[in-house]
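Please look over the sequence and the 3D structure shown here. The paragraphs after it go through the parts one at a time.

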Amino acid sequence: MALALILLCFVAGAVLCLLPYRAWLPGAHLGLAALAAVAGSILVAELDRGTLPRRWGAVALRLDALSAFMVATILLIALLALWHSRGYVARELARGGLEPHQAGRYYLYLDAFILMMLIAVVVDNVGLMWVALEATTLATVLLIGLHHTKEAIEASWKYLLIGSVGIALAFIGTVLVYCDVSILEPAREGALDGSRLLEQAASFHPAFLRLAFVFLFLGYGTKAGLAPMHTWLPDAHSEAPAPVSALMSGVLLSVSLYALLRFKPVVDLAAGADFSARFMIGFGLLSLGIAAGMLVIQRNYKRMLAYSSVEHMGVVCLGLGFGGSLGTVAALLHILFHALGKSALFLLAGNIQQTCDSTQITQATGLLRRLPVSGRLFGVGTLALLGAPPFGIFFTELAILRAGFQAGYLALTLAAAALLAVIFAAMLAHLQRLLFGEVERAAAAELTVAPAAFALGLLLLLGVWLPPPLARLVERIGMELMP
Amino acid sequence: MNPAIVYLVELGSGAILVTALAVIWRHSLQAYIGAFRLQSFLLGAVAALLSQLQGSLELLGVALLIALVKGWFIPRFLRRLLARVGSGREVRPYLNVAASLLICGALVVVAYSATADLVAASRLPTRNGVPLALAVVLIGFFVLISRRQAITQVIGFLVLENGIAMLALMVSYGLPLMVELGVFLDVLIALWIMQVVVYRIRDTFDTLDVTRLKGLRH
Amino acid sequence: MAWWIALFQPLLALLLAPLLVGFIAWLKAGAQQRRGAPPWQPYLDLRKLLAKEAVVSRHASWLLRTTPGLVFAATVAAAALVPAIAVGLPSDNLGDLLALVSLLLLATFFLALAGLDPGSAFGGMGSSREMTIASLAEPTLLMAIFSLSLGAGTTHLGRIAEAALIGGIGLHPSAILAFVAMFIAMLAENARLPVDNPSTHLELTMIHEAMILEYSGRHLALVEWAAWTRLYLFLAMLANLFFPWGIAQTLAPLALIGAAAALLAKLALLALVVAALETKVAKLRLFRVPELLSVSFILAFLAVAASYF
């Protein structure tokens, strides 16, 4: 019931966009998002009571703790993005960056994007999950190229091609998994259901599943922004409009990791836990390394945030690779905290871009004077994302490093810690250039800061105190993921 | 297990691989579209033969869909796009034809060795086509990364998708119908979006040479 | 008895080759709505050339004088290795695939070298072009037949044909790839369109003709006869290695006559295909030829990969 309401909200939003653009459209979307968020909390409560549906007609659903967690995260960030979009779109219309019909299409694609992400995390059939993820790629391409600038078009082309190839590789992995399933039993009804795969995992051929996992990892890893398949990420996330960047960076990357997480227990049972662990640790460390390198030479603050996303996805992968209850739980919480922090930062970056008309760091100095509130929040947010206490990310990063030591990967964990330190120094240097500097205080326009402030406040709160429902939820996920 | 049908399927798989090579060999975009069209028809024919082998009506439907959408609709769509946007020839690719063909030969060997376990363990009569399917995927991928014109990259992507469809057919007689339909829909929408972006590239950059898209660095 | 048949095969090659080439030219003429020369014209050409005096350039060395005989001998020796009307002959043990290719390459090599010998411009040009093509076509030929030998378990051509008869490997899909590859290699090695126009004498387009421009009289007769026999050998290989039905497995006279008839039929069919192709396609520009040969090489390579794995 709650799930139906959630999906209906965004379908309604999409339908509204088919009408000609009216000034109440952003407000309507905000209302729908709030409604969906309320329904999301009902969903989590239903999970606790165990009354979630298993099927919707012909489609099998998989609403376990991980799905509920992802749904909650998606809805939270969607709320923030649509909240911020009101002010963002109004300002863009005012200063001529967007035409009204473009604004209508912006909301249409945004609704489709969120809807597809929600579908991806609730269906059981991994084939349909793939279809939904491909649909998110397609919905976001046009969002990235919304402003018809040269950079935006270049970014959207690269994203389209690399994303499509990545998703095609993931499809090959899905086909190979299906091949193994169909060898064991010729029945096709529900053969690709994730829950069924988990049950049959022990009887799969290890070699098949290893080959399939390689393709799945490369494919979904491309969508998740893991190096070296991350080349689309800085372009796409920096050229997209701010709320879209927030959603993509905060949630879409995590949804791609979710897809990988659905296969990980199956592969672990069939081919041994070492195989996937090695992949995750290796690529996680590589992502950290490449992000560190590119962050040092960075000159564009939006691309800086994008590479920071690469880094954090690397951290999550490390956590999942190190494993154990500590590593897994920390990685999942890190997904939530990163979503909060990164979306706040991207929303604020949107404010900065609209004021300074450029995404170069050298053009956006003196933020403490130019944009007192946004600038300060940006500083706080960056520190939070770098792992400063008492924000949540400090605790999860520490926990992941501890998990690494516990699992026995001494050298690798030390390397990860060193890279995190390099990233800390690099981003702090860029932050200093952004915040300080002599600029005349220009007339500050009406900027939306409430969503970003809310997100950062939530991040602070969750760092200090984990509410019991959330703690229970994450514990359940940890238990489900460990076979 | 009708041996004649199995033989024809093997023949069809080989022919599909050869049409994939045609994209590397020829120079004009019209030839690429023609090769893709032939490849899609062959794929539809192979799917129809497999539906005969398995006695599945679902698979026959998929075969018809492949022939209709990929064999007729998409080439027509590409031809119209080409007429409105393009130049007809591939702009000096990064590698010359002979080197590209040699690399494709190496990719075929890679495909064979990667799927050796799979072929050995599979009990389906179509198992000999599995390495060929993976080879088509790799060749499509190679076309995508080694060509400079945007439309050629799109064709490389379409060849990649054909290869994956062929893999699904060879390895498990296709996927459940719902998933197949979803995949078709995705490919069509992706193609439509690619067309939109190609128009935008042409309008903004005045060329379809993607090496000119170098604004975003680091 | 077997040895007589074995020695008869090269003789058959020599006898049939001019007819084959004349037949192809006659078919092309018919397709082009011309009357053209009768199919036995090459025999008359040979008789004419053998009667004429051989004029040799003052600047030529012993190479020019000995090459025709060498090329002729090499081609006749190669003809002994190709199964034309019978398999299971003792000549099968004389040499295998590698020996055949080496003999053909020997002939090409000396032709090219002798093209350079008299120091004329055309000869050198033709030689360099011929070596470019040969260096790409020879590996293709090797690979194509090698893919068949992987299936047959032997590289002796007679035994490959025998294995094909018994096991029907000629119908394997990889064999079709090998057939196409070898067909393209045949076009390249025998100076047929679209690689080289056998009847042109324009300096921009000559390859084979340029190399043999300096020969006359009996020298020219030997070189031309060797070239025709070469084409016959290639077509006989295409016919008998891939479609070996009709070939005699015993030495009974009836079987041999049947085999000869089958051979004639298959050669006629292949000649038809070659003539149709030559009428339809235009000559490729020279720098496109390596692309075509790369394609044929890759096809042969794919055939080997498919047979190997």
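Is A:Arg370 buried or exposed? The model is a predicted one, and in it A:Arg370 is buried, because 20 other C-beta atoms lie within 10 Å; the cut-off for being buried is 20 or more. This residue sits in helix α14 of chain A, which covers residues 367-370. A:Arg370 and A:Leu82 are 288 residues apart in sequence, and their C-alpha atoms are 25 Å apart in space.

A:Ser67 belongs to helix α3 of chain A. It counts as buried because 24 other C-beta atoms are found within 10 Å. Leaving aside residues up to four places away in sequence, A:Ser67 touches A:Arg62, A:Val121 and A:Val122. Along the chain, A:Ser67 and A:Gly87 are 20 residues apart, and 31 Å separates their C-alpha atoms.

Next comes a whole helix of chain A. Helix α2(A) runs over residues 25-49 and has 25 residues. At 1.5 Å a residue it should span 36 Å, and its end C-alpha atoms are 36 Å apart, so the two values agree. Which of its residues are buried? They are A:Leu25, A:Pro26, A:His29, A:Leu32, A:Ala33, A:Ala36, A:Ala37, A:Ala39, A:Gly40, A:Leu43 and A:Leu47. In an α-helix there are 3.6 residues a turn, so residues three or four places apart point the same way. Just after α2(A) comes A:Gly50, which has a positive phi of about 80 degrees.

Further along chain A, two helices can be taken as a pair. Packed helices are described by the angle between their axes and the distance between the axes. Helix α10(A), residues 242-271, packs with helix α11(A), residues 273-296, at an angle of about 130 degrees, and their axes are 6 Å apart. That angle makes α10(A) oblique to α11(A). Where do they meet? On the α10(A) side the residues are A:Lys264, A:Val267, A:Asp268 and A:Ala271, and on the α11(A) side they are A:Ala273, A:Phe275 and A:Ser276. By class, this contact has four nonpolar residues, one polar and two charged.

Now to chain B. Its secondary structure consists of eight helices and zero strands, and read along the sequence the pattern is α-α-α-α-α-α-α-α. A compact globule of 218 residues would have a radius of gyration near 17 Å, and chain B has 18 Å, so chain B agrees with that expectation. Taken along the principal axes, the C-alpha atoms of chain B fill a box of roughly 55 × 35 × 30 Å. Of the 218 residues in chain B, 50% are buried. Among contacts in chain B with a separation of 6 or more, 72% are between residues 24 or more positions apart.

Helix α4(C), residues 97-116, has 20 residues and reaches 29 Å from its first C-alpha to its last, close to the 28 Å expected at 1.5 Å a residue. Its buried residues include C:Leu97, C:Leu100, C:Leu103, C:Leu104 and C:Ala107. The buried residues of α4(C) pack against α3 (62-81), α5 (121-152), α6 (157-167), α8 (208-211) and α9 (217-242) of chain C.

Which chains touch one another? Two pairs of chains touch, and the pair with the most contacts is chains A and B. That contact takes 39 residues from chain A and 37 residues from chain B. On the chain A side, the elements that give two or more residues are α5 (126-144), α6 (150-184) and α8 (206-224). The largest share, 18 residues, comes from α6(A). The chain A side divides into 25 nonpolar, eight polar and six charged residues.

Chain B also touches chain C, with 16 residues of chain B in contact with eleven residues of chain C. On the chain B side, α1 (3-25) and α4 (97-114) each supply at least two residues, and the largest share, eight residues, comes from α4(B). By class, this side of chain B has 13 nonpolar, two polar and one charged residues. Chain A and chain C are joined by no contact, and their closest C-alpha atoms lie 18 Å apart.

How values were computed
Residues numbered from 1 in each chain as written. Chains lettered and ligands numbered in written order. Predicted model: local features only at pLDDT ≥ 70, side-chain atom pairs only at ≥ 80, totals over all residues. Contact = placed C-beta atoms within 7 Å. Helix = DSSP H or I, 4+ residues; strand = E, 2+ residues; numbered from the N terminus. Nonpolar A, V, L, I, M, F, W, Y, C, P; charged D, E, K, R; others polar. Expected span 1.5 Å × (residues − 1). Buried ≥ 20, exposed ≤ 12 C-beta atoms within 10 Å, placed from the backbone. Axes fitted to C-alpha atoms, helices over the stretch in contact; angles between N-to-C directions. Parallel < 35°, antiparallel > 145°, perpendicular 65-115°, else oblique. Rg over C-alpha atoms; globule rule 2.2 N^0.38 Å.
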